[in-house]
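Trainee: Could you walk me through this structure, one question at a time?
Mentor: Gladly; let us look at it together.

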Amino acid sequence: MQKLLILGAGTGGTMMANHLRSKLDKNEWEMTIVDQEKTHYYQPGFLFLPFDIYKPSQVKKSIKKFIPKGVNLIRSKIDRIDADNNKVTLEGGDVLDYDLLIIATGAHIAPQEIEGMLGSGWHKDVFDFYTYKGSKALRDKLREWEGGKLVVHIAEMPIKCPVAPLEFAFLSDSYFKHKGMRDKVDITYVTPMSGAFTKPKASNALQYLLDEKGINIVGDFNIEKVDNEAKKIVDYGGKEVEYDLLVTVPTNMGSEVIERSGLGDDLNFIPTNKGSLQSKAHENIFVIGDASNLPASKAGSVAHFEAEILEENILRYIKGEPLKEKFDGHANCFIETGNGKALLIDFNYTHEPVEGTFPLPGVGPLRLLQESRMNHMGKLAFRWIYWNMLLKGISIPFVSATMSEAGKHFEEVES
Amino acid sequence: MLKQIANIEINVNDEGYLTDFSQWNKDVAMEIAKEEGVELTDEHWKVIDYIQEQYRNEVPLSIRKVGKSGVVSIKDFYRLFPDGPLKKATKIAGVPKPVSCI
Ligand SMILES: Cc1cc2nc3c(=O)[nH]c(=O)nc-3n(C[C@H](O)[C@H](O)[C@H](O)COP(=O)(O)OP(=O)(O)OC[C@H]3O[C@@H](n4cnc5c(N)ncnc54)[C@H](O)[C@@H]3O)c2cc1C
């Protein structure tokens with residue numbers, strides 16, 4: 001009996017368990033998946049929870065519900081991967097050996113990386129919304145906040161779903177408008193990049209949103225510390241931004257297990273072949289989702305596209321056939337722009353976000369890079385699709401893993 | 001776009017970043033540095049070497065990586081290339097400006 005082990009039962013791990021259980025012979029392959037949590041969180045929902053658009057119950061379900069029969073689910077923290085001996089040690093000391101390993105341990109926030117971020121203001125006037133806890137605490141804060149300087153901040157790149165902080169700023173604008181207190185709130189977006197949009201196409205198409213919503217931008221801000229007493233963030237060059245309420249996306253890092261196992265880069269992301277999803281250091285280790293160091297967006301939609309290609313490559317690997325270097329970095333994401341509208345972008349390793357339509361070439365229904373109500377409905381529908389199709393490994397009609405060029409107006413990314 | 005730098009024609013994009021790394025040389029670097037208000041010292045050259053090596057190895061650059069490289073601390077990186085050190089240093093080193101998603 002051969003053993004396939006999956007580490008992490010989040011978006012990527014769960015999809016792979018579903019994809020592969022039906023493809024691998026039960027008499028030949030034993031499958032096991034390990035996660036420290038019992039709850040599967042719908043992380044895209046953490047954007048909506050603070051604004052009371054989603055209820056907590058809409059963003060969490062039990063992990064068990066999504067793991068297919070015939071796959072052993074172990075709830076435990078993973079302590080270490082011993083890649084040279086094909087073994088994984090769990091926190092309690094149990095050892096699991098494997099023939100094939102899929103790492104899907106994701107990325108999480110590391111506020112301890114920034115001086116003062118976990119200081120006296122943490123979850124009082126300094127919040128994250130990238131965790132369930134942070135997002136819910138922020139909801140409670142916003143319900144009673146009386147206004148002042150709201151600073152939405154990104155510590156450093158890469159982060160999961162890189163547009164989420166901008167969406168947060170847009171949704172704040174509508175939230176405070178609806179509460180009749182927009183005039184009491186000053187919204188500033190602080191980013192380590194040169195601006196809110198750094199690619200020229202997106203910048204030209206989307207700058208008006210910032211103007212229209214009265215959102216101030218502070219770019220090229222590399223945070224050195226949070227000063228909890230003076231309520232300001234300070235960058236290495238000496239720039240300062242004051243806040244009454246700081247909503248920050250701290251440094252995102254891969255799991256500590258990757259660091260302990262010596263498998264990651266300086267942010268604990270695993271060096272991975274960007275076309276085949278095989279780890280660079282070990283041929284029987286594959287990586288899906290946020291855990292890899294691929295230069296693609298860290299997003300659920302990306303993990304979904306990767307899953308199809310990874311399934312194929314794992315089957316090829318087992319048969320001893322050459323792997324396909326097919327993954328093109330395809331990502332698409334909805335950007336909530338507030339007031340019940342959203343826009344949709346679609347891009348990959350080599351193409352910039354484009355204008356045009358998606359997913360049906362030439363007809364729509366979703367317009368790229370343009371605000372519409374339909375796109376907002378698309379974003380909300382994504383939650384249903386996530387729970388009912390994505391995790392179960394059912395492919396979404398008309399959406400293919402590699403980017404379709406039909407119906408879109410392209411411009412190559414210069415490299 | 002073509003630009004006259006250090007007496008030769010160099011291909012640059014509209015932000016002034018070299019689009020062909022093979023056209024880079026030390027004179028080009030010094031000229032771009034001058035435009036950016038930076039006078040290059042040994043400390044600067046060490047950082048430039050490091051950035052170019054990362055570029056050749058296709059390692060994406062970040063302020064954190066530079067800070068952890070042992071070549072220069074983040075504080076000193078800012079002192080050497082004031083305001084947006086990564087943007088300035090990459091421009092002088094002749095490599096593309098680090099980009100983000102949108
Ligand atoms: C606020 C926010 C908004 C987002 N919006 C979108 C969006 O609109 N669209 C989109 O496509 N994506 C979005 N994303 C990103 C998306 O949620 C992630 O990219 C996706 O969940 C990544 O899947 P993954 O399997 O790589 O990691 P995860 O789903 O995070 O799973 C990792 C799992 O590994 C487990 N794990 C880690 N370390 C250990 C350990 N040592 N021991 C045991 N278990 C461990 C964790 O418990 C977790 O269950 C958003 C994310 C956030 C935070």
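What follows is a set of questions and answers about parts of this structure.

Mentor: Before we start, this is a predicted model, in which local features need pLDDT of at least 70, side-chain atom pairs count only at pLDDT 80 or more, and totals for chains, interfaces and linings use all residues. Residues are numbered from 1 along each chain as its sequence is written, chains are lettered from A and ligands numbered from 1 in the order in which they are written, and side-chain values use heavy atoms, leaving out hydrogens and water.

Trainee: How far apart are the C-alpha centres of domain 1 and domain 2 of chain A?
Mentor: Chain A is divided into domain 1 (2-44 + 59-106 + 255-319), domain 2 (111-252) and domain 3 (328-415), with bounds that come from an automatic or database domain assignment. The contact (heavy atoms within 4.5 Å) takes nine residues from domain 1 of chain A and eight residues from domain 2 of chain A. Between the C-alpha centres of these two domains, the distance is 32 Å.

Trainee: At what angle do α1(A) and α6(A) pack?
Mentor: Helices (H or I, at least four residues) and strands (E, at least two) are DSSP runs, numbered from the N terminus. Axes are lines fitted to C-alpha atoms, for helices over the stretch in contact, and angles run from 0 to 180 degrees between N-to-C directions. For α1 (residues 11-21) and α6 (residues 300-319) of chain A, the axes are 9 Å apart and the angle is about 35 degrees.

Trainee: How do the residues of the contact of α1(A) with α6(A) divide?
Mentor: Among the residues that meet are Met15(A) and His19(A) in α1(A), and Ala303(A) and Glu308(A) in α6(A). Ala, Val, Leu, Ile, Met, Phe, Trp, Tyr, Cys and Pro count as nonpolar, Asp, Glu, Lys and Arg as charged, and the others, Gly among them, as polar. The residues of the contact of α1(A) with α6(A) divide into eight nonpolar, four polar and two charged.

Trainee: Is the crossing of α3(A) and α4(A) left-handed or right-handed?
Mentor: α3(A) and α4 (residues 200-213) of chain A pack at about 40 degrees, with axes 10 Å apart. A crossing is left-handed if the near helix is turned anticlockwise from the far one by less than a right angle, and right-handed if clockwise. The crossing of α3(A) and α4(A) is left-handed.

Trainee: Is Ile187(A) buried or exposed?
Mentor: Ile187(A) lies in strand β13 (residues 185-190) of chain A. Not counting residues up to four places away in sequence, Ile187(A) touches several residues, including Leu150(A), Ala169(A) and Ile215(A). Buried means under 20% relative accessible area, exposed over 50%, and partly exposed in between (1.4 Å probe, protein chains only). Because its relative accessible area is 0%, Ile187(A) is buried.

Trainee: What is the relative accessibility of Ser279(A)?
Mentor: Ser279(A) has its place in the loop between α5 and β20 of chain A. Leaving aside neighbours within four places in sequence, the contacts of Ser279(A) include Ile270(A), Pro271(A) and Phe286(A). Ser279(A) counts as buried because its relative accessibility is 6%.

Trainee: Which residues of chain B are in contact with Asp266(A)?
Mentor: Asp266(A) lies in the loop between α5 (256-260) and β20 (285-287) of chain A. Asp266(A) is partly exposed, with a relative accessible area of 22%. Leaving aside its neighbours within four places in sequence, Asp266(A) is in contact with Met253(A) and, from chain B, with Arg64(B), Lys65(B) and Lys68(B).

Trainee: Where is Pro158(A)?
Mentor: Most residues other than glycine have a negative phi, and most peptide bonds are trans. The peptide bond from Met157(A) to Pro158(A) is cis, with omega near 0 degrees. Pro158(A) is in the loop between β12 (148-154) and α3 (164-178) of chain A.

Trainee: What is the phi of Lys231(A) near?
Mentor: Lys231(A) is found in the loop between β15 (223-227) and β16 (232-235) of chain A. Lys231(A) is partly exposed, with a relative accessible area of 29%. Its phi is positive, in a residue other than glycine, and is near 50 degrees.

Trainee: How far apart are the end C-alpha atoms of α2(B)?
Mentor: The expected span of a helix is 1.5 Å times one less than its number of residues. The 15 residues of α2 (residues 42-56) of chain B should therefore span 21 Å, and the end C-alpha atoms agree, being apart by 21 Å.
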